[in-house]
Amino acid sequence: MIATTLVTTMAATAWFIDPLVATLAGRVPGILFGLPLVALASLIFAATHHEDPAAIRLAAVHWMVWLGGMLGMVLAAVLLLGWLQ
Amino acid sequence: MRMVVEQQPPRIVAISPDDGSAIDLRNPALAALLSWAVPGLGQIYQGRTTKGSLFMAAILATFVFGLWLGGGKVVYASWADDAPGGGRRPILKLLIQPFVCQAAAGIVSLPALVQSVQLSGPMKQPFVLGGGILPVGFMAPPLVPGQEISRVYADRLVRHDPDVAADDFFDSGPSKQFRRDQLANWHRRLGRFFEIGTLYTMLAGMLNLLVIYDAWAGPFGASEEEQRRRSNPPPPRSSGGRPS
């Protein structure tokens, strides 16, 4: 039964959900695909430095702000250089 | 009376940087291996189920999402002659590819090795041909110009891959020889999603290295000196004055 459910889910994903999500994903600016990666890196980094769930959440937010801030500054600098040229 | 004292094997513990409590690492090497095989499984083995579940969900979701973004094409192991770094020994060609990072995500990436070994072996076709639920040549390396593959695989590609036509192959005895560069086809069809998918899968693998270390040695947090200080607190000083 588990195998049947899995196969059915995969078939439904391939035939119905994939084209819909692919269409939506195609309209998302490329840079926004980096945001989940920043969140992931922050979460994993925080979770490997702490043990308590509350401390992990706090550290994850802390790292997200730092990573996002630094990457944002790099992006701003690149955009500024492009605008100046 | 003779007493037999069974010596328990020493427990390997880490110190939590949050509250100083001991974390029983059980068998750290086994935990690290489990965390490589399935991200977070080592932590679950150690009883740290919340962290383990978090790692498992986050890293596997990222890997699968990246694989989906890339149309099932971004995770592959290739040591074909025309692979980047052509002219080097196969193992060196493999080392300069994204697969080195993707392999750190665990057994989810191993089908790429199986597919590649089968394709470059006497069968000349991947273990899983695909074309139904899975894309044709799922996790198989891209074909390079001049590469020989089996007729079955060639027919499957012609039938299911929109970028491959029947005249892309030369007849070469019992097999067929591919004329084009399949990697270029993938880049053309997937566009930016090829790079994005590759990035997601590589990052999932690299972050799993941190998870593996956490399973082996506990949280990074406290330094060894701090850990020593917490596990052996100094004796309290006596507060009494001088005797009269």
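User: Which hand is the crossing where α2(A) passes α3(A)?
Analyst: Right-handed: that is how α2(A) passes α3(A). Keep in mind that this is a predicted model.

User: At what angle do the axes of α2(A) and α3(A) cross, and within what distance do they come?
Analyst: They cross at roughly 140° and come within 8 Å. Here α3(A) covers residues 53-84, and α2(A) covers residues 34-47.

User: Parallel or oblique, then?
Analyst: Oblique. The antiparallel label needs an angle over 145 degrees, and the crossing is roughly 140°, so α2(A) and α3(A) count as oblique to each other.

User: Which residues in α2(A) meet α3(A)?
Analyst: From α2(A), they include Val38(A), Leu43(A), Phe45(A) and Ala46(A). On the α3(A) side, the residues they meet include Ile56(A), Trp63(A), Met64(A) and Leu71(A). Gly68(A) in α3(A) is also part of this contact.

User: What pLDDT does chain A average?
Analyst: Chain A averages 79, and 67% of the residues score at least 70.

User: Which elements of chain A have the lowest and the highest mean pLDDT?
Analyst: Helix α1(A), residues 2-26, has the lowest, at 58. Helix α2(A) has the highest, at 92.

User: Switching to the interface. How many residues of chain A are in contact with chain B?
Analyst: 19 residues of chain A, and they are in contact with 23 residues of chain B. On the chain A side, α1, α2 and α3 of chain A each give two or more residues. The largest share, 7 residues, comes from α2(A).

User: Now chain B. How many helices and strands?
Analyst: Chain B has 10 helices and 5 strands. It has 244 residues, and 38% of them are buried.

User: What share of its contacts join residues at least 24 apart?
Analyst: 62%, among chain B contacts between residues at least 6 apart in sequence.

User: In what order do the 3 strands of the open sheet in chain B run?
Analyst: The order is β3-β5-β4, with antiparallel pairing. β3(B), residues 148-150, and β4(B), residues 169-172, stand at the edges. Each has a single partner strand, so one side of each is left without a neighbour in the sheet. The twist averages 40° from one strand to the next.

User: How many bridges join β3(B) to β5(B)?
Analyst: 3 bridges, with β5(B) covering residues 175-178. Ser150(B) stands opposite Ser175(B) there.

User: Which helix packs on that sheet?
Analyst: Helix α7(B), residues 151-160, which touches β3, β4 and β5 of chain B. Its direction makes about 90° with that of β3(B).

User: Which β5(B) residues are on the covered face?
Analyst: Lys176(B) and Phe178(B). The uncovered face has Ser175(B) and Gln177(B).

User: And how many bridges join β4(B) to β5(B)?
Analyst: 4 bridges, and these two strands run antiparallel. Ser172(B) has Ser175(B) as its bridge partner.

User: Which residue takes a positive phi in the hairpin of β4(B) and β5(B)?
Analyst: Gly173(B), with phi near 70°. That hairpin has 2 residues between the strands.

Methods:
Residues are numbered from 1 along each chain as its sequence is written. Chains are lettered from A and ligands numbered from 1 in the order in which they are written. This is a predicted model: local features need pLDDT of at least 70, side-chain atom pairs count only at pLDDT 80 or more; totals for chains, interfaces and linings use all residues. A residue is buried if 20 or more other C-beta atoms lie within 10 Å of its own, exposed if 12 or fewer, and partly exposed in between; C-beta atoms are placed from the backbone. Two residues are in contact if their C-beta atoms, placed from the backbone, lie within 7 Å. pLDDT is the predictor's confidence in each residue, from 0 to 100. Two strands pair if DSSP finds at least two bridges between them. Axes are lines fitted to C-alpha atoms, for helices over the stretch in contact, and angles run from 0 to 180 degrees between N-to-C directions. Angles under 35 degrees count as roughly parallel, over 145 as roughly antiparallel, 65 to 115 as roughly perpendicular and the rest as oblique. A crossing is left-handed if the near helix is turned anticlockwise from the far one by less than a right angle, and right-handed if clockwise.
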